[in-house]
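Me: I would like to learn how to read this structure. Please take me through the sheet and then the charged pairs.

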Amino acid sequence: MNIPPLDLTQQYETIRPDVEAAVLKLLASGRYIGGEAVADFEQQFAQYIGTEHAVSCNSGTDALFLALRALGVGPGDEVITTAFTFFATAEVISAVGATPVFVDLEPEGFNLDLGQIEAAITPQTRAVIPVHLFGQAVDMTKLLAIAQTHQLAIIEDCAQASGAEWDGKKVGSQGRIGCFSFFPTKNLGACGDGGAITTNDAALAAKVRMLREHGMPQRYYHEEIGITSRLDAIQAAILSIKLRHLDAWNRQRQAIAQRYTQLLDPIAEIIAPRAVAGSSSVWHQYTVRVEGDRDALKQQLQDQGISTMVYYPVPLHRQKVYLGLGYGPGSLPRTEQAAQQVLSLPMFPELAIAAQDRVIQSLKDCLSPFS
Ligand SMILES: *Cc1c(COP(=O)(O)O)cnc(C)c1O
């Protein structure tokens with residue numbers, strides 16, 4: 001039996017009747033774009049996150065792009081973020097014509113080091129994009145204080161953290177604007193692409209609505225250059241069903257993570273992710289650090305039928321497209337070390353205990369073949 005990094009089919013079986021009924025109803029309705037399904041999901045998602053507004057769009061990437069555009073970030077501006085994230089986080093900064101400014105990671109975790117933000121601020125800095133990576137919330141209390149002192153907008157990249165909390169508040173509810181992805185593999189995933197922004201700022205929500213619809217506040221009257229970025233009605237209907245299960249699924253992930261951490265404790269070469277006070281992670285990934293040859297271990301596990309993943313092998317400041325920004329090797333040492341060490345173990349709510357035990361046994365076998 002092979003163990004995949006994640007398996008979406010098991011989850012689908014648990015909600016199949018509801019999803020199929022909703023999709024068939026939508027197909028028969030003839031209303032495929034916009035309409036009640038989309039409005040309902042936006043309202044439910046805003047309520048879940050704890051914001052006044054949610055505006056859906058086509059992807060997490062578009063959510064970030066629209067957030068930057070709505071805040072007026074553009075050429076000549078700088079946006080501070082992390083280089084240890086999926087490419088889209090920085091890509092959108094460049095796409096609006098601004099410049100990403102990367103700060104290094106916190107000493108042990110995988111989120112940006114808030115202590116390095118102030119040194120990175122220049123007169124051009126407009127915003128910070130914290131990424132709640134792997135489902136672990138950034139310290140929003142500290143970040144809000146920094147942002148307030150320096151008049152910076154916080155755009156939260158919540159793509160991997162639907163349902164995660166900092167100090168009892170959902171990520172995406174405390175910054176100026178939260179950006180979510182409903183890519184199928186995310187904690188709240190559609191059966192296709194999808195995304196949303198959340199905010200308490202009515203004007204900002206209206207601006208995103210306008211920009212996602214060709215800069216058109218009123219049909220065929222265009223005030224800005226926008227894009228077309230919509231959540232399909234079918235995806236909205238599916239997401240409304242899945243949203244009802246999200247907390248239970250996240251609790252299952254938390255139980256699996258807790259068990260991983262216990263079972264990994266005796267394995268010296270593996271550093272388990274630490275719990276962070278104030279943050280309740282939703283474990284989008286369970287990512288360990290390997291002391292030793294990570295790539296060899298990954299291959300050995302693969303040979304035993306255990307698929308693991310490396311998020312992310314090349315940090316953004318060392319990507320070909322960003323070499324021109326001038327971050328040389330060693331410029332973000334913790335980020336570069338993380339890229340060498342990280343290994344994400346199989347993690348999805350339906351991961352069986354027996355499968356988890358096999359992952360641990362294989363790790364032990366690979367790491368101490370003679371004991
Ligand atoms: C997935 C992801 C995105 C992009 O979301 P898409 O829906 O795939 O466009 C952005 N940021 C992070 C951290 C992500 O994991």
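This is a predicted model: local features need pLDDT of at least 70, side-chain atom pairs count only at pLDDT 80 or more; totals for chains, interfaces and linings use all residues.

Me: In what order do the seven strands form the open sheet?

Reply: The order is E1-E9-E8-E5-E4-E2-E3, with mixed pairing. Strand E1 (53–57) and strand E3 (99–103) are the edge strands, each pairing on one side only. On average, neighbouring strands are turned by 25 degrees against each other, direction ignored.

Me: Which strands does helix H2 touch?

Reply: Helix H2 (residues 36–49) packs on the sheet and touches E1, strand E8 (177–181) and strand E9 (195–199). Its direction makes about 130 degrees with that of E1. Helix H4 (residues 88–95) lies across E2, E3, strand E4 (125–129) and strand E5 (153–157), at about 145 degrees to E3.

Me: How do I read a salt bridge, and how many does the structure hold?

Reply: Side chains of opposite charge can pair when their charged atoms come close. The structure holds 14 salt bridges. In one of them, Glu42 pairs with Arg209, the closest N and O atoms being 3.2 Å apart. Glu42 lies in helix H2 and Arg209 in helix H7 (residues 202–211), so the pair ties together parts 167 residues apart in sequence.

Me: Is Glu42 buried or exposed?

Reply: Glu42 is buried, because its relative accessible area is 8%, under the 20% cut-off. Arg209, at 33%, counts as partly exposed. Glu42 also forms a salt bridge with Arg212 (3.2 Å, N to O), and both Glu42 and Arg212 are buried.

How values were computed: Residues are numbered from 1 along each chain as its sequence is written. Side-chain values use heavy atoms; hydrogens and water are left out. Two strands pair if DSSP finds at least two bridges between them. Helices (H or I, at least four residues) and strands (E, at least two) are DSSP runs, numbered from the N terminus. Axes are lines fitted to C-alpha atoms, for helices over the stretch in contact, and angles run from 0 to 180 degrees between N-to-C directions. Contact means heavy atoms within 4.5 Å. A salt bridge is a side-chain nitrogen of Lys or Arg within 4 Å of a carboxyl oxygen of Asp or Glu. Buried means under 20% relative accessible area, exposed over 50%, partly exposed in between (1.4 Å probe, protein chains only).
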